[in-house]
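Please open the structure in a viewer and keep the selection tool at hand. The tour goes from stop to stop, saying what to select and what is found there.

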Amino acid sequence: MARARKLIGQTLWASLGQFFQLVFGLVGLVILVRILGPETYGVFALGLLFANFMEVFVGSHAADGIVQKEDLGEGQKTAIHLAIVAAGLATALCLLVVGGLAAGVFETPRLASILPAMAVLPVLTAATSVPNQLLVRALRFSALAKNAAAARVIALCVGIVLALNGYGIWSLFWMEVSRRTTLLVLSHVAAGWLPGRRFSRQGFAELARFGIRRIENSGLRYLSVEALPRGFIGYFLGTEALGYFAVARRFLGQLNGLLTGPVSAVSFPAASRLRSDPEALEKLITSVIRISTWTFWPALLGAVIIAPLLFPIMLGAGWEPTAVVMQILALAALRAPVTGFSTSILTAFGALGDISRMHIMAIAIGVTACLIGLPFGLFGIAAALALRQWLQWPISAFYVHRQTGFPPLRQLSVLFHAAVPALAMAALLIALQAWFNRILPAATQLVILIPAGVIIYLLAWYLWNAAARRSALATVAGLLQGDREAAARSFKAVLAA
């Protein structure tokens with residue numbers, strides 16, 4: 001019971017941190033896109049395509065062995081830290097070399113100057129990985145949330161001030177530098193850890209093997225999720241189209257991070273501790289699917305409905321394609337509640353080969369789909385990527401079933417049962433919007449539709465989940481009264497209903 005309360009509490013903290021990141025991220029996005037324009041965002045997105053690939057070798061996943069390993073010594077932490085920082089320096093050298101080559105391949109001269117400067121990014125990320133995973137190991141998601149929120153606020157302030165003073169693409173660069181630097185400092189302070197003078201070889205080989213497999217997983221995922229779409233769009237359609245795509249993905253990523261990220265983050269350390277208890281693990285997976293669906297589906301369907309009204313107001317003229325791209329990608333993201341936890345579960349079981357095989361198949365499906373969608377331009381590639389997302393689900397469901405015994409059809413059953421209130425909300429909002437379009441301006445429609453959607457969804461959820469009504473009300477009452485233990489007990493009953 002104590003562990004369940006801690007997990008619920010830390011999930012709420014992580015969600016709160018993601019909420020602040022979403023708010024500040026959207027405010028900053030609105031300001032920066034109006035100043036910089038789609039082409040500048042596209043060039044920077046191309047630069048990040050290379051910089052983020054280098055971070056595959058040094059990100060927090062490289063230190064995941066720290067979370068999974070039961071017994072961990074100080075010497076092992078220092079050894080892993082030094083190895084990752086050394087890898088960060090090596091990747092930085094690679095970025096210094098490839099700037100001119102990348103500029104020529106993508107016919108984007110500005111890459112030649114910005115890409116070498118980005119060499120500092122993987123070094124900062126490398127130095128943050130171990131303290132970050134020490135906080136994950138300790139289930140200190142409240143500290144992680146505070147760190148991320150503070151870093152986001154500082155970075156946005158830096159980016160906006162520089163953009164307003166005419167620094168152009170360099171405002172985005174210094175924004176990323178300041179965010180990573182802030183995370184580096186705050187992570188070490190929160191973890192209360194600094195590398196020691198001595199490192200231990202005992203157990204290091206095991207941690208290193210696990211880290212290398214996680215790097216392999218992350219590299220394949222990066223090629224599938226980031227490099228493939230950005231490479232296709234940047235090379236064949238140009239930086240302006242990539243700018244539209246990058247902003248749409250950024251908006252969707254913020255929403256996804258807020259609503260499913262905290263649950264997925266908690267599921268890795270939780271599953272690592274429940275590997276030997278199949279019944280408890282099945283309850284965990286069911287809870288993850290339900291919570292993610294209850295929060296993600298209504299927000300995502302609502303965003304799809306209001307996007308044509310919101311994006312012109314939010315981003316200004318010239319960004320119209322972004323709304324359509326976001327709508328297409330959002331429909332694909334609806335599968336997140338049954339796939340977002342897959343990597344965490346498989347990592348907890350040490351099934352890293354299964355994760356790599358999943359990503360290899362995703363790359364093959366993605367290349368084929370993008371080639372088919374390419375003649376139809378940006379929207380065709382977005383649709384191809386959306387189709388790829390749903391085709392991937394049976395693959396991940398099969399691997400999760402093989403490790404946990406949780407049947408794929410059971411996963412879908414939990415998903416669609418939890419999604420019924422969101423579907424009802426979406427149907428009513430579409431009907432309302434069709435009526436409002438004839439009589440109200442866009443801004444007025446948004447003022448009405450957003451609160452109406454919240455009220456309709458809450459009523460639909462209450463009517464559909466009859467067995468959980470009393471527990472849901474008790475959860476709200478506990479939160480209002482400041483009784484966290486009572487709220488946690490009631491929320492656990494909601495999940496079990």
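Predicted model: local features only at pLDDT ≥ 70, side-chain atom pairs only at ≥ 80, totals over all residues.

**The core**

Begin with Met118 and Met326, the residues with the most contacts inside the largest nonpolar core, which has 134 residues. Then select helix 11, residues 278-315. This helix gives the core its largest share, 20 residues.

Go back to Met118 and show what surrounds it. Beyond its neighbours within four places in sequence, Met118 is in contact with Phe44, Gly47, Leu48, Ala51, Leu95 and Phe173.

**Aromatic rings**

Next come the rings. Over the whole structure, a search finds 14 aromatic pairs. One of them joins Phe53 and Tyr222, with 6.0 Å from centre to centre and 40° between the planes, a tilted arrangement. Phe53 belongs to helix 1 (residues 2-55) and Tyr222 to helix 8 (residues 204-237), so the pair ties together parts that lie 169 residues apart in sequence.

Are these two residues buried or exposed? Phe53 has a relative accessibility of 27% and so counts as partly exposed. Tyr222 has a relative accessible area of 8%, under the 20% limit, and is therefore buried.

Now select Phe50, Phe106, Phe232, Tyr235 and Phe236 together; ring pairs link them into a cluster.

For a ring with a charge over it, move to Tyr462. The charged end of Arg469 sits over this ring, 5.2 Å from the ring centre.

**Helices 15 and 16**

Select helix 15 (residues 377-404) and helix 16 (residues 408-436). Two packed helices are described by the angle between their axes and the distance between the axes. Here the axes come within 9 Å and cross at roughly 115°.

Which residues meet where these helices touch? From helix 15 there are Trp393, Ala397, Val400 and His401; from helix 16 there are Pro408, Gln411 and Leu412. By class, this contact has 5 nonpolar residues, 2 polar ones and no charged ones.

**Tyr399**

The last stop, Tyr399, is also in helix 15. Tyr399 is buried, at 8% relative accessible area. Apart from neighbours within four places in sequence, Tyr399 is in contact with Leu346, Asp354, Arg357, Met358 and Met361.

To finish, draw a line from the C-alpha of Tyr399 to the C-alpha of Glu107: the two are 41 Å apart in space and 292 residues apart in sequence.

Conventions
Residues numbered from 1 in each chain as written. Heavy atoms only, no water. Axes fitted to C-alpha atoms, helices over the stretch in contact; angles between N-to-C directions. Helix = DSSP H or I, 4+ residues; strand = E, 2+ residues; numbered from the N terminus. Contact = heavy atoms within 4.5 Å. Nonpolar A, V, L, I, M, F, W, Y, C, P; charged D, E, K, R; others polar. Phe/Tyr/Trp six-rings, centres within 6.5 Å; stacked < 30°, edge-to-face > 60°. Buried < 20%, exposed > 50% of the residue type's maximum accessible area, 1.4 Å probe, protein only. Lys NZ or Arg CZ within 6 Å of the ring centre and 35° of its normal. Core = buried A, V, L, I, M, F, W, Y, C linked by side-chain atoms within 4.5 Å.
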